[in-house]
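Please look through the model shown here before reading on.

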Amino acid sequence: MSNDSQQIVSKAWNFAHVLRDDGLSYMAYTEQITFLLFLKMADEMTKPPHNRPPIVPLKFGWQALLKLDGDELEAHYRHCLEELGKQPGMLGEIFKKARAEIQNPERLRRLIVDLIEPVKWSSMQADVKGDIYEGLLAKSAEESPKGAGQYFTPRQLIKGIVDCVRPTAADTVCDPAAGTGGFLLAAFDYVNQHQAKELDKDQKRHLRTKFVKGWELVPNTARLCIMNLYLHGIDADPCPIRSGVDSLASDPGERFSVVMTNPPFGKKSSIAIVNEAGDLEKEDSEYVRQDFWTTTKNKQLNFLQHARTLLKVNGRCAIVVPDNVLFEGGAGETVRRNLLQQCDVHTLLRLPTGIFYAQGVKANVLFFDARPAQEKPWTSKLWVYDLRTNMHFTQKTNPLKRSDLDEFVECYHPANRHRRKATWSDTTPDGRWRVFDYEELLKRDKVNLDIFWLRDKSLEESDDLPEPDVLAQEIADDMQTALEQFQAIAEKLKV
């Protein structure tokens with residue numbers, strides 16, 4: 001994150017503490033500041049060098065807010081949110097059921113005039129705006145991990161995944177657990193960076209209106225996602241994000257050429273319904289779907305099956321999955337056998353610990369391509385890259401950088417993955433890139449794909465131990481994972 005971004009995030013977060021004293025939660029503050037940022041950037045887009053037609057009616061726009069003060073400002077802000085929620089298309093979705101949470105007119109005025117107005121947000125690079133927004137989300141997650149961390153996928157990881165998948169303007173990209181739109185935006189930005197000069201009018205229209213599609217269960221998170229997409233130039237009607245919809249509940253009937261997703265962590269599934277008040281109601285249950293290979297309460301296994309059903313023939317998928325998806329028996333084995341048989345499961349990236357806000361998570365990225373039906377298995381070789389063993393990351397002192405994924409992306413060989421070369425061999429035992437034949441995988445107990453081979457130096461040499469804070473966090477993560485496993489066993493014994 002740039003110094004400018006860090007300063008703005010710090011300034012905005014200091015203001016959050018002031019509003020916290022008024023009883024506003026950190027997530028509510030993040031949402032309110034995002035409303036105002038959106039109105040400010042929409043206003044900037046109408047001025048040089050952009051000179052775009054107004055996307056927000058002027059009487060509800062930024063300039064109208066700047067002219068007011070006191071109770072009149074607070075009343076108008078409330079009125080703006082209500083009226084914008086009635087607008088057609090994505091704009092209406094952004095402000096749907098939006099509520100003015102900042103009750104103190106003086107503090108609302110300070111937020112508008114002192115914090116947001118002085119900065120020319122639209123002149124910043126897109127990733128800088130993202131830094132600021134995600135910086136607020138990250139701080140919110142630190143203060144209340146259950147509040148924001150569940151929607152937060154490290155952007156550097158997303159970039160690395162997108163660099164491997166290489167979406168094009170001809171693709172349709174889907175995320176069935178869209179969160180705040182990280183994967184969808186990264187795919188959109190990738191195409192703009194690599195193909196923008198080559199696109200004709202129809203391709204540009206496709207990119208703007210039909211390139212991305214997503215589902216997000218939590219309405220407030222969906223709102224932030226739609227806002228992100230809109231400000232980046234995506235303007236589709238109907239809205240490309242389905243809000244408050246449990247994507248696992250049924251087959252949407254649509255198929256996509258690319259699926260990239262990091263589904264919510266947690267093993268247990270529940271049927272989720274958004275009631276009229278916009279609140280979530282959940283009931284523990286299994287998803288019974290004819291297009292799934294097996295019925296299970298394991299949420300991650302359900303999302304993996306769902307991602308496969310969303311793909312067109314030859315469509316490609318990158319999905320973040322926890323370790324248990326790779327080794328769990330029963331339904332897990334059934335899903336893995338079918339996936340290897342019916343899809344080309346070609347790459348597995350073992351992720352390091354310490355990169356997610358959810359504690360105790362040991363995760364991986366599974367890459368596979370959908371294929372037409374045939375008797376012969378489609379998977380022939382699974383390439384595994386181990387970024388976990390002897391790697392130590394933390395959220396604050398040593399966060400994951402895009403450069404940490406450089407070797408993996410190079411080994412992945414996106415230009416032609418059939419020309420890959422292993423870095424591991426008998427003579428190079430420290431190589432992190434290794435290939436396994438389909439027959440080898442089938443011989444493993446329960447088709448276990450939780451594969452590792454590197455020597456863990458910290459177990460043998462005290463000099464190679466990570467710093468005490470990193471070590472303590474890794475121990476805490478392991479204990480959290482063990483606790484979740486014991487909890488799952490306890491629940492099974494109750495049945």
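1. Basis of the note. This is a predicted model, in which local features need pLDDT of at least 70 and side-chain atom pairs count only at pLDDT 80 or more, while totals for chains, interfaces and linings use all residues. Residues are numbered from 1 along each chain as its sequence is written, and side-chain values use heavy atoms, with hydrogens and water left out.

2. The chain overall. The protein chain holds 18 helices and 11 strands, where helices (H or I, at least four residues) and strands (E, at least two) are DSSP runs numbered from the N terminus. Of its 495 residues, 51% are buried, a term that stands for under 20% relative accessible area with a 1.4 Å probe, counting protein chains only. Among the contacts in the protein chain with a separation of 6 or more, 74% are accounted for by residues 24 or more positions apart, contact meaning heavy atoms within 4.5 Å.

3. Residue M90. M90 lies in helix α5 (residues 89–94), and it counts as buried because its relative accessibility is 2%. Leaving aside neighbours within four places in sequence, M90 is in contact with several residues, including I226, L229, Y230, I234 and C239. The C-alpha atom of M90 is separated by 6.9 Å from that of D237, although the two residues are 147 apart along the chain.

4. Strand β4. Strand β4 (residues 256–261) is mostly covered, with 6 of its 6 residues buried. Strand β1 (residues 173–175) pairs with β4 in the parallel sense over 2 bridges, and two strands pair if DSSP finds at least two bridges between them; C174 stands opposite V259 in β4. Strand β7 (residues 311–322) also runs parallel to β4, joined to it by 5 bridges, and here V258 stands opposite R316 in β7.

5. Helices α4 and α6. The axes of helix α4 (residues 70–84) and helix α6 (residues 105–116) come within 8 Å and cross at roughly 75 degrees, the axes being lines fitted to C-alpha atoms over the stretch in contact, with angles from 0 to 180 degrees between N-to-C directions. On the α4 side G70, D71, L73, E74 and Y77 take part, meeting P105, L108, R109 and I112 in α6.

How values were computed
Buried < 20%, exposed > 50% of the residue type's maximum accessible area, 1.4 Å probe, protein only.
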